[in-house]
Structure formats: C-alpha cells, structure tokens
Amino acid sequence: MGVAAAPVVRRLPPSQAVPNSVVPHQSPPAPHPRVSLRALDQLWFQVAGTVCNLRCHHCFISCAPDNHSFWFMERETVREALEQSASLGVKEYYFTGGEPFMHREMVEILEDALAFGPATVLTNATLLPERRVRALARAAEASRYSLELRVSLDGVTPEMNDAIRGEGTFARCLQGVERLVGAGFLPIITTMQSWNDDETESILRAFREVLAGVGYTRARLKILPPLRIGEETSRSRGYDAAERVTHDMMVDYDPSLLLCSSARLVTANGVYACPILLDYPSARLADSLAEAAARPVELAEQACYTCYLSGALCSNMPTSGEVHL
Amino acid sequence: MIAPGGAPGRLGPEPLGCVAVFGGVYSNHVALAAAIEDARARGVEAMLCLGDLGAFGPNPDKVFPLLRDAEIPVVRGNYDDSISRGLDDCRCGYTDPRDNYYARLSYQYTFSNTSPENRKWMSGFPDEIRFRLGGLDVLGFHGSPRQRNEFLWESATPTHFLTKLAREHRADVLVGTHTGIHWKRRLSSQSWYVNVGALGRPANDGRTEVWYAILRADVRQLEVEFVPLAYDHQALAHEMATEELPIEFIDTIRTGWWTTCLEILPAKERARGRF
C-alpha cells in the first residue's frame, strides 16, 4: 500500500492523455481524490450537536459543555430526515453528538427512528438513570429492529480511562453499563486504542474482566484507532504531513471501505460528509440530504487517512473486504 | 424441473409451483443428504442452493457429489468465491481477534481439503439465479442482490431497504442466505424477502436441527415454509472431531448455540443466543 507523500498526479489512461496543446482548456486535476455515494446505507444524526457533559482529551470534534458550535437537532428535523430516508433506501441510523442523552427528547427520537429501521446511539453512558434505561428497553422491545447502545470506555482502570475522559468517568460509565445490561442490552463497548499493538490481547482480556465485574459477561468490544484531530492533537500528536490520501493511493483501492461512500451526517446546520469532519467546512456538502447525497466527497482532510487505513471505522459492523456484484 | 444436465444456475423456463431452497452448507454433507431426501419426500419440483458450500464442517469435498447427483444449481457464495479464486481469506470481514482466529482456521482447512476439480466447478457458479414460481419472479442470491457478503438480518434490515432492492433488481421475491438464521418479511401484497437460513449449522436457537425453506406459489400468492431438519448431527460432530476441528464448532453442532464469530450479530439476534 503506497502511503508516501507522492506529488498529486492524476493518472489518465493513455487514450485520454492528450497533449495540452490539443486541448488547451483541459480542466485542472482535482486536488484531492473524490468519492461518490454508492448508496445511502447509513444516515447519521449529530443529534446533540457538539454539546457534551464531558470534556475528553481525545475528542476529535472537541465536544464539551460549552462547545455550542453545533446545537441540538429538533425532533421534528430528525423526523423529516427519517421520512426522506425511507425513499432513499437507508439501511441503518446512527445518533451521535456530543452526548446524545443531553438531548431531552433522545428516547422519543430513538422511538421515531426505530419505526424506520435499526438505530445506534453513541453514548458515554454517564447520563443513564434507571428510568431512562427502562424507557430505552421499552423502545427496543417495541420495535422489530435492533437498538444498539455504543458505549465509550477508554481504559481498563480508572487511571487509564479517567486520564482521557475525565475524573470519575470510569466508575460512572460502568454504572451505566451495569444498568443497560440489567435491562437486557448488550452494549457495544468502544475504546480508542491508546496502547501498542502487542498489548491488544491482554487489554481485551482486562476489558472482559472489568465488564464481567458489573455483570456484562458477553461483552461486545470495538477498538477504534485514534483520530489525530481536535483535542487528540494535544493529547498525542497531529497527523504528519505525509499522512493524507493522495490520488495514487486510490489506485486499486476499494472506495466502498470509506464511510463517505455509503453515509451522510445530518446536523442542525447542514449535511456533512461524515461524523468525523464536523469541524471542516470542506466536509459540509449541502443544506439538504438529497443535495448532499448527490455530491461527491473530496478526501481533503488528514483524518480521511485514518479512515482509508482502517475502513469505515464508525460503523458497528466490520466493513473490510466487501465482495460486490 | 431442473434443466437437462443441471446446467449451473438455471432452472427450466417453465414456471414452478414448489421449490426447496438450501442456504449455506458449510461442509455439512450429512445435513445436505438429509435435506435432499426430505425435500424429495415433500414433492418439491426443484431444489437450489444459495452458496457457501465450505467452511465450519469436515471434509468439504463430500458435498459436491450430492449436489451434482441431484442436479442442484448453486449460487456463488463468498466462501465459494474465495476458495475457487484462491483468495487468502473468506471475506467474512471479522475484526475481533478471536473471530478472526476461527475464521482463518476454518478457511485454511476448507481450502486445503477442497480438490482442484471442485474448486474449478465452483468457479462456474453464477452470482444469482432467477426463476418463475407461479406468477412470481424470484431472484436467488447469496447475501444480497447487490453484494455477495452483505448480511441481511431480520432486526437490522428495514422494509423500505428491501423494497428498494426488490425494485432495483426487478424481482417479486428476494431469496438469500449468508446470515445463517432464517426469517421472512412480506414487503407488499405480492413482494417478499426470504432468508432460507443454513443447512450447515443450527440457527443459534438451542436446537440441533438445521433449516431450509420450501417456497410454493399459486399464481401470485407466495407461501413460505421453514423446515426444521433433524439429521444425524452426532455423526457429523464425530467426523469433525476426527478431523480435529475446533471443539467450539463441534459444540455448536451438538447444542444448537453459536460459539464463535458472534461479532456480526445485531443486538436482537445476539440476545437470543447463549453466547
């Protein structure tokens, strides 16, 4: 896999490689590779904007209690997008933030979504009192579709997790997990890899032990690579200059591995290419979902490099090695 | 009836009234033989298989003569595609290290125990099979009509999504497998999606039977019957042990619960299982 910072050269097949003197007004090569939407399989909602009760040191969009750059979405706005999504053939819905359970109508919004298809909510699990968990369980039970709770936990000890997510969050998150498991959920525990590859096996074992300690014996775990933007740039490092997606890297690469080939993100302020690039104006595609679906995405940002290497890391299911007909 | 010679991927041009559809076989030749006998006894006019002949079970070459003798057309599954093309894995896409360990082990065993002749035969499998059932156009495929290894789980597949697939692929009835758990959904008055389940291993329901589907149509009304098939699962388990396949796989055959590769299950399907 070519990952060197080669100069951006657009390769043309010989039949098209005509001298400029013959076609004097040939359009200049696009500065970045472009990815068109193959099908709108995933519809993401920035339902809580950038508002979060925590202030994690690795947050790629720097969410915090006082980050109001994106505000909460109205339930009605979500419902309109859901209606529209049915005719577009969307396969699954994701709700993120910020912290989605900062939204006072989050359970109702999930009920709305579950009438259309499977829904996933990405949460820190610290705002899940018993009553809300029971309401979530009722919503899950009432739908033919799965409700997935994806819970962020970034360490196997309070020291390891709280250094990233804030003091006391390890215990509060585990309490949330315990309640979810008690209500019959099997949350997907997601964790950003902050360790070396050769430690993965022992870390996963430790995660299983910690989760079993709160009654979660069938833990579903998902490891995410760090996204070197937002707060993460000061926690670890930003991207090197060479770490970006070039035209050469797209040769023989299956673009369906990238989330932007099958997803769009609806926010209170327009439709974006993906949930990672919220802070990048280049990723804001259009005001409406239909327009944004029709518009290709430029892989202009360095975070695209992580997605390129890892495959659509935001999805619940592994997406590597698809076989298309 | 199946076209003379059992040309791969073709059922006869005349509309059928009743067909048996088998999902992933996963080298479970004992169940496949029982299913063929069972379907014949039920008077089906034709049988077809939606692919993934290998994986999981013992002695992969044993399923091929059964399919050839019964002239059963086979759709290309992701496993068949990988094995016949000599790819380095099954394209199951697991990321969990434990799931990946078992997937690789199973793939390597199947690959090294599938003869070159059978690999060549698989390379001729079509991506889909179309036929008329009563007055309905049926499309058979492995995962989805657009992607061979796409999972269509009951709790993770919206009705509007299936309706779009049926429209785009011009079919009244979509019939697939790949997930290993049978289910069906009526999309409109004359439009259906059917997942026929798998013959290769039980449906993660604590029962040792495996499942296949019988489709019947009178004019444009479809009837779907899921058949639980009891077979000599102890004989299969014994053969798997002789082949030194993982005890976790053998436990699944003996108990009806899935023990590995659970990462792909959505919440509802996962919650119904034991692990």
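What is the mean pLDDT of chain B, and what share of its residues reach 70 or more? The mean is 94, and 96% of the residues of chain B reach 70 or more; pLDDT is the predictor's confidence in each residue, from 0 to 100.

This is a predicted model, in which local features need pLDDT of at least 70 and side-chain atom pairs count only at pLDDT 80 or more, while totals for chains, interfaces and linings use all residues. Residues are numbered from 1 along each chain as its sequence is written, chains are lettered from A and ligands numbered from 1 in the order in which they are written, and side-chain values use heavy atoms, with hydrogens and water left out.

**Stop 1: chain B, residues 1-9.** Select this stretch. Its pLDDT stays under 50. The model has 20 contacts for it beyond four places in sequence; a contact means heavy atoms within 4.5 Å.

**Stop 2: all of chain B.** Show the cartoon. Chain B has nine helices and nine strands. These are DSSP runs numbered from the N terminus: helices are H or I with at least four residues, strands E with at least two. The radius of gyration of chain B is 17 Å, close to the 19 Å of the globule rule for 275 residues, so the chain is as compact as a globular protein of that length. That radius is taken over C-alpha atoms, and the rule is 2.2 Å times the number of residues to the power 0.38. Along the principal axes, the C-alpha atoms of chain B fill a box of roughly 50 × 40 × 35 Å. Of its 275 residues, 65% count as buried (under 20% relative accessible area; exposed is over 50%, partly exposed in between; 1.4 Å probe, protein chains only).

**Stop 3: Asn59(B).** Go to the loop between strand E2 (46-49) and helix H2 (63-69) of chain B. Phi of Asn59(B) is near 45 degrees, a positive value in a residue other than glycine.

Stop 4: Chain A has nine helices and eleven strands. Of its 325 residues, 55% count as buried.

**Stop 5: Ser62(A).** Look in the loop between strand E2 (42-46) and helix H1 (75-88) of chain A. Phi of Ser62(A) is positive, near 50 degrees, and the residue is not glycine. Is Ser62(A) buried or partly exposed? Ser62(A) counts as partly exposed because its relative accessibility is 21%.

**Stop 6: Gly97(A) and Gly98(A).** Select the pair. A cis peptide bond joins them, with omega about 20 degrees. Gly98(A) sits in the loop between strand E3 (92-96) and helix H2 (106-114) of chain A.
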